[in-house]
Amino acid sequence: MCDEWMPHLELPITFEQFQQLPRNAAYKYEYFHERAWLSPRPHYYHALLDLEAWAARPLEGASRKARLRPVQPTDWAGLAPLFSAAFDRQQPFCGLDDERALAAARKALEHTRAGGDGPWIEQASFVATDGEAGPEVGAILVTLLPEGDPSGWHSYHWKEPPPPDALARRLGRPHLTWIFVRPFNAGQGVGTLLLSAAVRELLALGYKQLASTFLIGNDSSMLWHWRQGFQLLAYPGSWRRQVAEMEEAM
Ligand SMILES: CC(C)(COP(=O)(O)OP(=O)(O)OC[C@H]1O[C@@H](n2cnc3c(N)ncnc32)[C@H](O)[C@@H]1OP(=O)(O)O)[C@@H](O)C(=O)NCCC(=O)NCCS
């Protein structure tokens with residue numbers, strides 16, 4: 001998703017020091033020529049939420065203080081610093097200085113806004129503010145992806161540009177492309193509130209599922225998805241799956 005921001009690192013350290021290096025799941029660690037070589041190896045997993053089941057259960061733990069509003073054209077510029085702060089401890093943004101992290105946030109948001117993550121579903125995207133008149137504290141941005149097998153490699157990009165009326169025709173499957181909450185306000189149910197509004201609007205549009213993607217190593221994202229009831233899908237590169245497919249083809 002934002003792999004371009006993950007640097008390759010070459011560290012002149014001893015093998016003993018290499019063994020003590022804390023590891024990040026998004027990196028591959030190798031040691032040769034008396035150097036540690038760290039190369040990006042991001043693994044993205046996908047998960048699926050059954051919207052009707054989610055809406056049928058009691059909504060617990062959603063922030064009572066935060067307020068939601070649709071994303072306005074003037075919001076995008078202000079969302080970039082919020083995005084950058086929220087992802088401050090997550091790959092790939094944690095490795096960037098403030099200026100580059102902000103540039104990366106702007107680029108990611110612009111990509112989403114411009115349809116690079118599939119048509120943006122404006123109706124199901126929201127900004128959360130701290131009370132009626134408070135500052136922005138979070139946002140959820142939902143886009144539309146093809147409806148293919150959600151655990152396949154190729155279901156997360158449109159091969160051909162989607163028809164302009166894809167949403168009106170209820171084509172595709174919604175995808176939770178970004179959700180982020182300002183660290184100061186995290187853990188207070190803002191993310192749950194944002195998701196509840198997105199689910200309500202997606203159901204009103206006629207959709208039944210919401211897919212999502214998370215990077216292995218982003219524990220807060222993984223735990224949040226799990227806690228919300230997202231079901232982990234098979235890893236597209238699953239060995240068992242590949243063997244089963246080969247056996248089927250024979
Ligand atoms: C993931 C994120 C959006 C969650 O928003 P939030 O407002 O903090 O979430 P909520 O308060 O609604 O949390 C609901 C549940 O998620 C889990 N959770 C949320 N943040 C967590 C964290 N940092 N670590 C572990 N669990 C977490 C908790 O189990 C929590 O339930 P509980 O309080 O009953 O235990 C927020 O932490 C964030 O912005 N993270 C950085 C950006 C990111 O990784 N986004 C997801 C990928 S796009």
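Predicted model: local features only at pLDDT ≥ 70, side-chain atom pairs only at ≥ 80, totals over all residues.
I then followed the pairing of strand 7 with strand 8. The two run antiparallel and are joined by eight bridges. On strand 6 (residues 126-129), I counted four bridges to strand 7, again with an antiparallel run. One position I checked there is Val127, which stands opposite Ala139 of strand 7.

I looked at the hairpin that strands 6 and 7 form. Six residues lie between the strands, and Gly131 has a positive phi near 75 degrees.

Is strand 7 enclosed or open? I found nine of the ten residues in strand 7 (residues 136-145) buried, so the rest of the structure largely encloses this strand. For the whole protein chain, buried residues account for 30% of the 250 residues.

Next I turned to the ligand. Which residues come nearest to the ligand? Of the 22 residues around the ligand, I listed Ala186, Gly191, Thr192, Ser220 and Ser221. At least two shell residues each come from strand 8 (173-181), helix 5 (190-205) and helix 6 (219-228). Helix 6 gives the largest share, five residues. I sorted the shell into eleven nonpolar residues, ten polar and one charged.

Last, I looked at the chain as a whole. I found seven helices and ten strands in the protein chain. Its radius of gyration is 19 Å, close to the 18 Å from the globule rule for 250 residues, so the chain is as compact as a globular protein of that length. The C-alpha trace spans about 60 × 55 × 35 Å along its principal axes. Of the contacts between residues at least 6 apart in sequence, 74% join residues at least 24 apart.

Conventions:
Residues numbered from 1 in each chain as written. Near = placed C-beta within 6 Å. Nonpolar A, V, L, I, M, F, W, Y, C, P; charged D, E, K, R; others polar. Rg over C-alpha atoms; globule rule 2.2 N^0.38 Å. Buried ≥ 20, exposed ≤ 12 C-beta atoms within 10 Å, placed from the backbone. Contact = placed C-beta atoms within 7 Å. Pairing = 2+ DSSP bridges.
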